[in-house]
Amino acid sequence: MPATPAGDTDSAGSTSAGTLADAATAERVRAFFAAVAACQAARDFAGEAALYTDAWLLRGYAVTDRTQAAAALRADRAGSIADAVFAVRDVRTHGDGRVSAEVDTITGGHWLRTWRYDLVEEGGALRLLSAEARPPRAPAGSVVVGVAMVEYAYELSRVAVPAGAPLVLRATNKGRYDHELQLLRLPADWGPENLVAGRPEPLVTRRIGFTFARPGETGDLVVVNLEPGVYTLACFWSEPGRFPPVPHVRDGMVAQLIVG
Ligand SMILES: [Cu+2]
């Protein structure tokens, strides 16, 4: 199979619906994503770079040389916890030779996101061509918390959820400005009033994940395996035209959610 056609590097993926892949192809695709996750977990950056097309590496890292790509991946991944693959489904083949799949990944052990990936055959193996974010697919049994976002506050449908169940924070923007929902784990002795006061966050603050919504729209943040405890929702967005920029958390756009 030829390499990625020139000029195709900005494509977000094949738009064709495609045909459901046969079992052997679906298995190859599952094995491919397992290989990516295994390389990431082992910090085998050369092995990981070999799984990507030139087009993917050019778009993400502006290189095609695999040694340079491995170094770029290492720098990109410094200090972060590798993504884990949670599910691979809807493997499809397309007339242009691409193979697509919908994949759920988990970042940092908690943040579940859903992607549509396109792969191509290169040198007799499948390689990653492009990725496109999809609305996250919440696992069965998820607990949904409605979060209305206004200027400048979160209004939660419930303030406590049981530990153990996957959690969906369904953020609906009922305001006039764009808003985000960042889920944080602050130290027990450093409450959200410190964020409102603009004090610098302690280094041990963990950012679990985030979602974003324009006025009238809804974004889901899906998280799994949260330890029991108190979590903080905060908006660090500032509307354009507001000068100097002031993150909404400084206006009090912060809330707490108890897990456990
Ligand atoms: Cu906001």
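This is a predicted model: local features need pLDDT of at least 70, side-chain atom pairs count only at pLDDT 80 or more; totals for chains, interfaces and linings use all residues.

Trainee: Which residues does the domain assignment give to domain 1 and domain 2, and what distance separates their centres?

Mentor: As a general idea, the size of an interface is often given as the accessible area lost when the parts come together. Here we have contacts and a distance to work with. The domain assignment places residues 19–134 in domain 1 and residues 143–259 in domain 2. Taken over C-alpha atoms, the centres of the two domains are separated by 30 Å.

Trainee: What is the mean pLDDT of the protein, and where does pLDDT stay under 50?

Mentor: The mean pLDDT is 91, and 93% of the residues reach 70 or more. Over residues 1–12, pLDDT stays under 50, and the model has 19 contacts beyond four places in sequence for them.

Trainee: How should I read strand 9: why is it described as largely enclosed by the rest of the structure?

Mentor: In general, the side chains of a regular strand alternate between the two faces of the sheet. For the case here, strand 9 covers residues 167–173, and five of its seven residues are buried, so the rest of the structure largely encloses it.

Trainee: With which strands does strand 9 pair, and in which sense, parallel or antiparallel?

Mentor: Strand 9 pairs with strand 6 (residues 143–150) in the parallel sense, over seven bridges. Within this pairing, Asn173 of strand 9 stands opposite Met149. Strand 9 also runs antiparallel to strand 12 (residues 218–223), to which six bridges join it. There, Leu167 has Val223 as its bridge partner.

Trainee: What is the strand order in the open sheet of five strands, and which are its edge strands?

Mentor: The order is 8-14-13-10-11, with mixed pairing. Strand 8 (160–161) and strand 11 (206–213) are the edge strands, since each pairs on one side only. Strand 13 (residues 229–234) and strand 14 (residues 254–259) run antiparallel and are joined by six bridges; Ala234 stands opposite Val254 of strand 14.

Trainee: Ala213 is found in strand 11. Is Ala213 buried or exposed, and which residues does Ala213 touch?

Mentor: Ala213 counts as buried because it has 21 C-beta neighbours inside 10 Å, the cut-off being 20 or more. Leaving aside residues up to four places away in sequence, Ala213 touches Met149, Ala171, Thr172, Asn173, His179, Thr218 and Gly219. Ala171 lies 42 residues from Ala213 along the chain, with 7.2 Å between their C-alpha atoms.

Conventions:
Residues are numbered from 1 along each chain as its sequence is written. pLDDT is the predictor's confidence in each residue, from 0 to 100. Two residues are in contact if their C-beta atoms, placed from the backbone, lie within 7 Å. A residue is buried if 20 or more other C-beta atoms lie within 10 Å of its own, exposed if 12 or fewer, and partly exposed in between; C-beta atoms are placed from the backbone. Helices (H or I, at least four residues) and strands (E, at least two) are DSSP runs, numbered from the N terminus. Two strands pair if DSSP finds at least two bridges between them. Domain bounds come from an automatic or database domain assignment.
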